[in-house]
There are 2 protein chains.
Amino acid sequence: MRGNGRFVYDFDEPSGGGRELLGGKGVGLAEMTQLGIPVPAGFTVTTDACREYMRNGKTLPSGLEEEIANHLHALEEKTGKRFGDPENPLLVSVRSGAAISMPGMMDTILNLGLNDEAVEGLAAGTGNRRFAYDSYRRLIQMYGEVVDGIDAERFEQALRALKEERNVKQDVELTADDLEELVRGFKQIYEDEIGRPFPQDAGEQLSRAVRAVFDSWETPRAQVYRRANRIADDLGTAVNVVQMVFGNKGAKSGTGVAFTRDPSTGEQGLYGEFLADAQGEDVVAGIRTPERLEAMKRDLGDTFDELLGTMRRLEEHYRDVQDIEFTVEDGRLYLLQTRSAKRTATAALKAAVSMVDESLITREEAVARIDPGQLDQLLHPMIDPDAKVEVAARGLNASPGAACGKVVLDADTAEERGKAGQDVILVRWETTPDDIHGLIQAAGILTAHGGMTSHAAVVARGMGKPCVAGCEGLTINIDARTLTIGGQKLSEGDVITIDGGTGRVIVGSVDLVPPQINEDFETILDWADDLRRLKVRANADTPEDAAKAREFGAQGIGLCRTEHMFMAEDRLPVVREMIMASGEDERRAALDRLLPHQQGDFEGIFEAMAGLPVTIRLLDPPLHEFLPPLEEAKDERMRERIRALQESNPMLGTRGCRLGLLWPEIYEMQVRAIIRAAEAVEKRTGEAPLVEIMHPLVGFAEELHRLRAITLATANEESESVEYLVGTMIELPRACIRADEIAEHADFFSFGTNDLTQTALGFSRDDAEGKFLTRYLEDGVLERNPFETLDRSGVGDLMRIAVERGRGAKEGIKLGICGEHGGEPDSIAFCHGLGLDYVSCSPYRVPLARLAAAQAALKESGVEAVSAGG
Amino acid sequence: MRGNGRFVYDFDEPSGGGRELLGGKGVGLAEMTQLGIPVPAGFTVTTDACREYMRNGKTLPSGLEEEIANHLHALEEKTGKRFGDPENPLLVSVRSGAAISMPGMMDTILNLGLNDEAVEGLAAGTGNRRFAYDSYRRLIQMYGEVVDGIDAERFEQALRALKEERNVKQDVELTADDLEELVRGFKQIYEDEIGRPFPQDAGEQLSRAVRAVFDSWETPRAQVYRRANRIADDLGTAVNVVQMVFGNKGAKSGTGVAFTRDPSTGEQGLYGEFLADAQGEDVVAGIRTPERLEAMKRDLGDTFDELLGTMRRLEEHYRDVQDIEFTVEDGRLYLLQTRSAKRTATAALKAAVSMVDESLITREEAVARIDPGQLDQLLHPMIDPDAKVEVAARGLNASPGAACGKVVLDADTAEERGKAGQDVILVRWETTPDDIHGLIQAAGILTAHGGMTSHAAVVARGMGKPCVAGCEGLTINIDARTLTIGGQKLSEGDVITIDGGTGRVIVGSVDLVPPQINEDFETILDWADDLRRLKVRANADTPEDAAKAREFGAQGIGLCRTEHMFMAEDRLPVVREMIMASGEDERRAALDRLLPHQQGDFEGIFEAMAGLPVTIRLLDPPLHEFLPPLEEAKDERMRERIRALQESNPMLGTRGCRLGLLWPEIYEMQVRAIIRAAEAVEKRTGEAPLVEIMHPLVGFAEELHRLRAITLATANEESESVEYLVGTMIELPRACIRADEIAEHADFFSFGTNDLTQTALGFSRDDAEGKFLTRYLEDGVLERNPFETLDRSGVGDLMRIAVERGRGAKEGIKLGICGEHGGEPDSIAFCHGLGLDYVSCSPYRVPLARLAAAQAALKESGVEAVSAGG
């Protein structure tokens with residue numbers, strides 16, 4: 001849909017559209033222009049045009065070329081130059097810019113407008129022949145690669161050959177004549193590859209470049225990135241056509257990137273990199289290692305000060321950490337881009353807390369703009385600070401967190417082994433966008449080249465993965481599949497540990513420890529707690545997990561599974577006796593021996609959660625899970641029992657409350673153990689635990705009706721004083737549909753969305769992941785893994801029905817979720833919207849859930865999360 | 001709830017309640033009384049009283065005893081006799097009578113009111129001392145058995161001993177003195193067993209008898225019967241207290257049962273049995289084999305004529321075949337009961353058609369009163385009429401249909417082996433209500449004793465099971481577990497065949513053939529076709545099944561499964577090659593070889609169904625089902641593939657449309673074969689088949705979106721002329737919930753309620769039946785097997801949501817059902833209510849479905865099905 005019939009807007013005219021229309025880059029350029037910040041002149045071709053182009057089978061929308069021509073003409077007027085002019089040519093860059101930033105994913109072409117005549121005009125006009133031919137050879141290479149798909153290596157080879165011939169090491173050592181020769185060579189390469197000469201018509205160059213940007217939206221690597229980052233496929237990209245400014249005009253020129261605060265720590269102060277006499281691509285590609293930003297002071301003191309002032313203005317304007325690209329041409333500063341900076345979780349927290357202190361943003365805004373998914377990285381293990389580690393090499397601390405794994409030397413291998421469940425560290429000279437599939441699967445990334453803003457560093461920070469970049473002690477022999485780290489020779493498959501927080505690289509594995517929650521994190525979580533309505537509980541089966549969960553702020557246990565207690569080494573033989581029992585008496589005898597163990601387990605958990613609710617799920621898995629595999633069974637009687645218990649689809653078999661109805665003595669024992677434990681803990685500590693007894697896999701009200709009666713009768717035999725609730729998991733579609741009837745026998749519902757997803761979708765998780773579900777995600781049949789993010793429109797709608805009907809039958813019934821989705825931000829937002837009382841997740845995800853719950857509440861009241869780094 | 005504060009009604013006063021309040025027997029007695037038909041005086045204690053009694057923990061409701069006393073007093077006035085009077089005692093029978101007939105399930109006590117004094121008064125008053133003591137000994141035995149639970153064998157033993165002592169064979173040969181001695185013996189037995197003398201107080205007898213009837217509602221055998229016949233447990237029974245009339249007063253007395261039409265064939269005319277000088281229990285229990293009704297003419301010509309007239313009146317009044325019990329006392333006729341007669345399916349059809357011819361009922365009523373479930377028996381195999389069979393013995397053709405199976409000699413064994421899946425014939429001297437669990441599991445029943453109205457015969461007809469009763473050539477040695485049939489000695493476990501339609505018993509197995517649909521059946525089905533809205537299709541995978549289905553009136557095929565075609569011996573090796581293929585090319589090569597086979601299959605089916613729609617489901621089962629078991633795999637490569645394809649829960653794994661998306665070449669081949677077959681058949685026959693291509697197991701709209709595209713692309717490659725629809729099974733809860741989105745890509749939906757039940761309930765059918773589901777049904781957690789009768793409130797509500805949302809998105813979308821429920825009457829009624837377009841079921845159930853569909857339409861328009869024999 002076209003906003004108002006136009007596809008193109010100058011930077012200095014209002015478009016009426018935001019980043020959806022102009023893309024992130026375009027909207028930034030337009031806003032900066034309108035703020036009076038120095039930006040080269042130019043215009044944006046909107047995402048509407050791209051969408052039209054894709055819809056029409058890669059045909060430019062009618063009228064677009066004319067519109068572009070008109071705006072180009074205006075640009076010519078503004079600059080006093082003419083596109084393709086042999087005397088005073090206008091040069092432009094063509095840069096993609098989607099609504100959501102996809103760094104390195106889309107393509108850029110610089111110096112458009114040069115041809116055999118214009119290059120001479122540029123040489124004459126600037127008095128810098130070397131610069132003119134350097135620009136021209138860059139154009140031919142970029143254009144050849146991006147528009148016509150020529151292998152970059154063809155050009156690089158020619159460049160290397162020339163440098164060898166001239167016996168120089170750096171590009172800058174080549175003379176104007178050398179570069180003129182290189183241009184001839186490049187043009188020949190182009191003609192050899194494409195079958196026609198490099199286009200001399202500047203209009204044709206521009207038109208084909210715009211198409212190429214549009215086409216690049218659909219390259220496989222862009223698609224992979226979008227899938228990994230959950231970006232819709234139909235957004236499309238805008239194209240920015242920007243007057244060229246030149247950072248490669250000599251010592252008074254250069255290019256750089258800068259952050260208004262340190263994107264790794266969030267600390268205020270200078271943070272950036274600068275490369276003198278270079279164009280931007282040299283920085284981003286990590287080909288030359290740049291200097292620190294402060295290096296500008298050497299030759300460009302005034303410009304440096306202007307840059308600092310501009311950065312301050314931008315941060316005040318956007319009220320967020322900005323990540324800018326700039327170019328200095330003969331001492332004159334041009335901003336080429338500004339955007340909210342991608343940052344580490346630590347930095348995001350620090351910056352948010354500081355900005356509240358600086359009164360730049362409110363607490364609500366601070367809470368809203370932290371990406372809960374990113375916090376995960378803070379909750380990952382770190383290298384044990386007390387461990388003695390021998391550091392083999394050091395690199396840049398590009399993305400914090402520690403990782404330990406086997407070395408792999410290319411992205412394909414990383415993907416393969418990562419998917420197979422191995423922890424791998426991807427070790428590369430440098431990474432490129434083509435490595436994205438390997439980066440996704442790697443536990444950590446180590447590169448020899450590139451700085452803090454190199455591809456590897458940026459992507460790793462975005463993903464919350466540990467990364468050490470620019471590690472000079474690293475060399476790789478890709479043919480031999482070996483590497484050296486600080487002189488030690490290793491082979492692919494050897495284990496290393498990297499610490500992205502400090503830049504350390506260690507050969508071998510190192511003990512990792514859970515991280516502490518720092519002060520900023522605590523502050524944000526405290527604010528979040530004031531804002532959220534959803535309570536957050538943890539899934540915990542042991543006193544240790546319960547204690548950890550409480551430390552992370554859990555407000556109780558939403559799911560305490562009892563089967564792990566049955567699996568413990570000292571109990572399994574008794575559990576097996578129980579299963580093998582030839583009658584109820586024998587079964588009860590075995591259960592009597594299990595009872596004290598169960599009671600002990602519960603006592604520990606109740607103590608750790610004193611004063612908070614603890615939901616205990618009675619035995620759930622099919623009994624055959626407690627028996628050995630058939631081939632390991634010792635005697636014929638056990639083999640017979642194993643065979644009798646075998647099931648075609650154990651997921652849908654004799655488990656959950658079906659066990660409790662077939663052999664009530666099992667649940668009776670468990671209820672007895674719970675009540676005795678509660679009484680003992682109350683006596684010992686004076687604080688009564690809030691016990692919630694939960695029956696799994698109920699599908700029919702009559703099941704819960706009977707189980708409730710058994711539970712009450714047993715509990716009353718044990719104690720008259722212990723208070724407890726009786727409830728059920730809602731994990732079958734039928735339970736959702738008949739939640740009204742079931743509610744009559746339940747004090748609470750807890751949605752078991754793992755099993756509910758399996759049954760509602762007919763997806764056995766064991767059989768789907770790695771098989772058809774993986775293919776579905778790869779092929780885009782599904783956008784997201786429904787076991788990771790709640791399938792809102794399917795499973796979620798069943799939940800909605802259950803909530804409506806359950807509350808309809810029993811107004812105050814307590815509602816929670818204890819599936820893995822309870823720790824996933826989008827699913828938490830959905831649960832908030834449903835009106836659940838709490839979510840329950842693994843202890844390590846509790847902080848994330850607290851934040852996500854607050855954001856859901858904020859979103860409801862109109863405070864939208866800012867996509868930090870978006 | 002008490003209608004108006006009363007618990008007791010005389011037969012001649014209006015109660016304002018029907019059979020729910022008075023029970024079937026009570027309402028019949030009241031109506032007959034009010035019609036002026038001779039009925040003994042009496043009153044009914046309502047089912048309300050029974051329900052109160054059960055609710056109050058087996059305490060009679062307050063005031064009930066007084067109410068009974070009042071009505072008893074009125075009865076005394078009416079008869080001029082006094083209860084417990086030593087001179088002219090009033091005797092009553094106490095008979096249970098529930099709203100729905102439960103023959104043999106509930107208990108009856110005759111001759112209440114007799115005691116040591118009254119028996120003398122009865123002797124004096126009737127001048128028949130033998131009769132008086134015969135009545136008394138019957139009372140003591142029945143009361144002892146029913147009220148106090150004394151083993152009948154104790155009394156029978158004493159009777160046998162006395163007969164041996166007196167050297168007589170028949171009870172009637174015993175003299176008055178003999179019977180007086182027997183009464184003394186019976187009283188001693190009673191006192192020995194119970195610890196106090198037989199109660200002499202008539203009021204106490206009555207009060208305890210009423211409680212005993214109430215209690216008998218909850219005996220295990222009554223519960224089993226109710227479960228088998230789907231009768232609610234909370235209906236309760238009424239109690240009828242009826243003045244005794246005596247069939248055992250001599251040659252001018254007797255008792256009998258009669259039907260207004262033959263309950264086996266439906267033919268008009270006399271049908272009944274009579275036993276002179278006997279009480280009713282002698283007939284029902286099958287202890288003495290009665291004579292044909294016409295035997296009455298011998299001594300009771302006038303009474304016989306009066307009986308015929310009364311039967312005609314009753315049939316005209318009730319407009320249905322009546323089953324009556326009567327007693328003749330000294331030539332005077334008394335009707336004791338009338339009810340709609342249980343009848344065979346053949347009889348039900350014949351009677352219904354005749355009554356329409358006789359203008360007694362309308363066509364709608366005729367259609368409404370046939371029990372579709374009962375028709376099943378007509379659609380069961382019969383003995384091949386051309387087969388030469390050697391008849392070992394003959395009995396009564398008590399319940400039609402043929403059955404072949406292993407002999408079992410007791411009900412427990414029948415139950416055990418039947419549940420284990422064996423076909424067994426239960427062979428007994430006679431059956432009693434205690435055998436009910438064995439009758440349910442047996443394929444057929446053979447008894448040595450008893451007539452057409454014996455327990456075995458009545459129950460078998462009700463269940464539609466073959467039964468040969470009263471087979472005189474049969475003897476059983478229960479200790480030796482052997483039997484002889486017509487002199488041939490057999491052992492338990494040997495195979496016999498019975499033909500319940502002719503009474504033949506054959507040793508060994510005999511070929512059975514499918515039955516023909518007779519003229520009455522055709523007539524009823526024609527009427528049904530005029531009345532129904534639902535179309536009826538068949539599930540058929542072969543041309544033979546398709547032809548049979550069409551013969552039975554199927555209006556197309558609703559489900560043609562293609563996997564059976566893959567399993568055929570000549571194809572399986574190619575299918576395995578396809579599965580083992582190392583790449584797409586190899587796989588396509590194997591599929592190319594399968595294509596002509598598939599095409600041939602489809603051509604046969606299209607020809608059989610020319611002009612009618614045929615829904616073909618593309619491949620559904622997981623591929624490992626086509627591979628041998630791991631231990632039988634020949635080489636390591638196959639073992640590897642089997643292991644790779646193994647699934648934890650195949651039901652929820654890589655099957656259905658997931659196959660079609662992972663390996664599109666499989667569905668492409670199938671679509672190609674379908675389109676080519678359609679084109680070939682059209683060319684050959686001039687009639688284009690109506691092809692519907694169905695994708696199984698769709699859960700997400702995107703799946704069908706892509707599959708539809710593949711289907712269309714492939715079909716268009718093959719033909720431009722063949723028309724076809726593309727649709728999907730709705731067999732996952734998510735598909736129901738998102739039917740709106742899925743409908744956008746579907747021309748039709750077919751509910752696959754087998755899988756939908758499995759996923760919605762989390763019941764793997766393979767793992768549930770015989771395991772927890774069986775226990776659920778036994779224990780009453782579930783009333784009905786959800787795989788047999790649709791779980792309306794759960795699965796049915798999901799279907800309702802799917803219909804609403806599917807039609808909401810695409811108004812005219814065609815909707816059907818192809819799960820097994822499509823052939824089950826209650827489920828068909830539900831589908832009618834949902835507004836589906838068709839049901840599809842197995843070919844043999846098509847007639848039943850046609851009828852059930854008509855009844856659903858009738859019910860909607862207010863014509864209720866009469867419970868034939870209810």
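This is a conversation about how terms are applied to a predicted model.

Modeller: The model is predicted, so local features need pLDDT of at least 70, side-chain atom pairs count only at pLDDT 80 or more, and totals for chains, interfaces and linings use all residues. Residues are numbered from 1 along each chain as its sequence is written, chains are lettered from A and ligands numbered from 1 in the order in which they are written, and side-chain values use heavy atoms, with hydrogens and water left out.

Biologist: What makes B:R805 and A:D797 a salt bridge?

Modeller: A salt bridge is a side-chain nitrogen of Lys or Arg within 4 Å of a carboxyl oxygen of Asp or Glu. For B:R805 and A:D797 the N to O distance is 2.6 Å. That is within 4 Å, so the pair qualifies.

Biologist: How many salt bridges does the rule find across the interface of chain B and chain A?

Modeller: The rule finds 4 there. Over all chains the structure holds 154.

Biologist: How is the size of an interface often given?

Modeller: Often as the accessible area lost when the parts come together. Buried area is that loss for two parts, with a 1.4 Å probe, summed over both. Between chain B and chain A it is about 4200 Å². Carbon and sulfur atoms give 53% of it.

Biologist: How many residues does each chain bring to the contact?

Modeller: Chain B gives 49 residues and chain A gives 49. Contact means heavy atoms within 4.5 Å.

Biologist: Which class do B:E636 and B:R643 fall into?

Modeller: B:E636 has 39% relative accessibility, so it counts as partly exposed. B:R643 has 41%, so it counts as partly exposed too. The two form a salt bridge, with the closest N and O atoms 3.5 Å apart.

Biologist: What makes B:R807 and B:D837 a salt bridge?

Modeller: Their side chains meet at 3.6 Å, N to O. The pair links distant parts of the chain, 30 residues apart. B:R807 sits in helix α31 (residues 792–809) of chain B, and B:D837 in the loop between α32 (825–834) and β33 (838–841) of chain B. B:R807 is partly exposed at 25%. B:D837 is partly exposed at 28%.

Biologist: Why are α1(A) and α2(A) called roughly perpendicular?

Modeller: Angles under 35 degrees count as roughly parallel, over 145 as roughly antiparallel, 65 to 115 as roughly perpendicular, and the rest as oblique. Helix α1 (residues 19–35) and helix α2 (residues 47–55) of chain A pack at about 110°. Therefore they are roughly perpendicular. Their axes are 8 Å apart. Axes are lines fitted to C-alpha atoms, for helices over the stretch in contact, and angles run from 0 to 180 degrees between N-to-C directions.

Biologist: Which residues of α1(A) and α2(A) meet?

Modeller: A:E20, A:L21 and A:G23 in α1(A) meet A:T47, A:D48 and A:R51 in α2(A). They divide into 1 nonpolar, 2 polar and 3 charged. Ala, Val, Leu, Ile, Met, Phe, Trp, Tyr, Cys and Pro count as nonpolar, Asp, Glu, Lys and Arg as charged, and the others, Gly among them, as polar.

Biologist: How do you know that helix α29 of chain B is mostly covered?

Modeller: In this helix (residues 753–761), 8 of its 9 residues are buried. Among them are B:T753, B:D755 and B:L756. B:G762 follows the helix, with a positive phi near 65°.

How values were computed: Buried means under 20% relative accessible area, exposed over 50%, partly exposed in between (1.4 Å probe, protein chains only). Helices (H or I, at least four residues) and strands (E, at least two) are DSSP runs, numbered from the N terminus.
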